[in-house]
Amino acid sequence: MQIGQNSVVAFHYTLTNDEGEVLDSSEGREPLTYLHGAGNIIPGLEKQLEGRGTGDKLQAKVSPEEGYGEVQAQLVQEVPRDAFQGVENVEPGMQFQAQTEGGPLMVTVTQVEGDTVTVDGNHPLAGQPLNFDVEIAEVREASEEEVEHGHVHGEGGHEH
């Protein structure tokens, strides 16, 4: 079976940046399983998996526009230290969920200077080209319930 709309795909991957640094990998874990066409993985990778089958191997280069987007300067903000009530030591690398007009947003602390904390709401991989080495482990037809719910159920998927 080939990967297409509403197929369940399980694949192993290694993700690297342009310098060859490994950013993420399924090595030593179960393959990543997703419902094709439901927006469960980044668009650029999903497009390159279309039409592939079990056992296929490929290298997929994904631009920032089709990955985690370009860096948006307005998502980097300075906030007062007292906005972090109950957190004794705020340090770079810490992540918090901020409430914004558009809803909740994960932010990462990038700098702390005195009473000012700089946070970044961009995805950590925003603005970066992404390089995937992929091996398709399994392709199957999604169940009606999986299609209706927009995600995979059972092994490698979501349990209700």
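This report walks through a predicted model of one protein chain, from its overall make-up down to a few single residues.

## The chain as a whole

Start with the inventory: two helices and nine strands make up the secondary structure of the chain. Reading from the N terminus, the order is β-β-β-α-β-β-β-β-β-β-α. So much for the list of parts; the C-alpha trace spans about 60 × 40 × 30 Å along its principal axes.

How much of the chain is buried? Of its 160 residues, 34% fall into that class. The chain exposes about 9,700 Å², with 45% of that supplied by carbon and sulfur atoms. Looking at contacts with a separation of 6 or more, 60% of them link residues 24 or more positions apart.

## A four-stranded open sheet

Four strands line up as an open sheet in the order S5-S8-S7-S6, with antiparallel pairing. Strand S5 (76-80) and strand S6 (95-100) sit at the edges, each pairing on one side only. Going from one strand to the next, the twist averages 45 degrees.

Now for the pairings inside that sheet. S6 and S7 are antiparallel and share six bridges, and together they form a hairpin with two residues between them. One spot to look at here is Phe96, which stands opposite Val107 in S7. Strand S7 (residues 103-113) is also joined to S8, again antiparallel, by five bridges. Along that pairing, Val109 has Val119 in S8 as its bridge partner.

## Strand S4 and its partner S9

Strand S4 (residues 57-62) has two contrasting faces: Leu58, Ala60 and Val62 are on the covered one, while Lys57, Gln59 and Lys61 are on the uncovered one. S4 pairs with S9 in the antiparallel sense, over six bridges.

Which residue in S9 is the bridge partner of Lys57? That would be Glu135. Lys57 itself belongs to the uncovered face of S4.

Leu15 lies in strand S1. Its relative accessible area is 5%, and buried means under 20%, so Leu15 counts as buried. What does Leu15 touch, leaving aside its neighbours within four places in sequence? The contacts are Glu21, Val22, Leu23, Asp24, Leu125, Leu130, Asn131 and Phe132. Met106 is another matter: Leu15 and Met106 are 91 residues apart in sequence, and their C-alpha atoms are 22 Å apart in space.

Over in helix H2 (residues 144-149) you'll find Glu146. Is Glu146 buried or exposed? Glu146 is buried, because its relative accessibility is 2% and the cut-off for buried is under 20%. With neighbours within four places in sequence left out, Glu146 is in contact with Val8, Leu35, Arg140, His151, Val152 and His153. As for the other end of the sequence, 139 residues separate Glu146 from Ser7 along the chain, yet their C-alpha atoms are 9.6 Å apart.

Asn6 is worth a look for its backbone: phi is near 65 degrees, a positive value in a residue other than glycine. Asn6 is found in the segment before strand S1 (7-16). Its relative accessibility is 28%, which lies between the 20% limit for buried and the 50% limit for exposed, so Asn6 counts as partly exposed.

Pro124 is in the loop between strand S8 (116-120) and strand S9 (130-141). Is this proline buried or exposed? Pro124 is exposed, because its relative accessibility is 56% and exposed means over 50%.

Note on methods:
Residues numbered from 1 in each chain as written. Predicted model: local features only at pLDDT ≥ 70, side-chain atom pairs only at ≥ 80, totals over all residues. Heavy atoms only, no water. Buried < 20%, exposed > 50% of the residue type's maximum accessible area, 1.4 Å probe, protein only. Contact = heavy atoms within 4.5 Å. Areas by Shrake-Rupley, 256 points an atom, 1.4 Å probe, with all protein chains shown as cover. Pairing = 2+ DSSP bridges. Axes fitted to C-alpha atoms, helices over the stretch in contact; angles between N-to-C directions.
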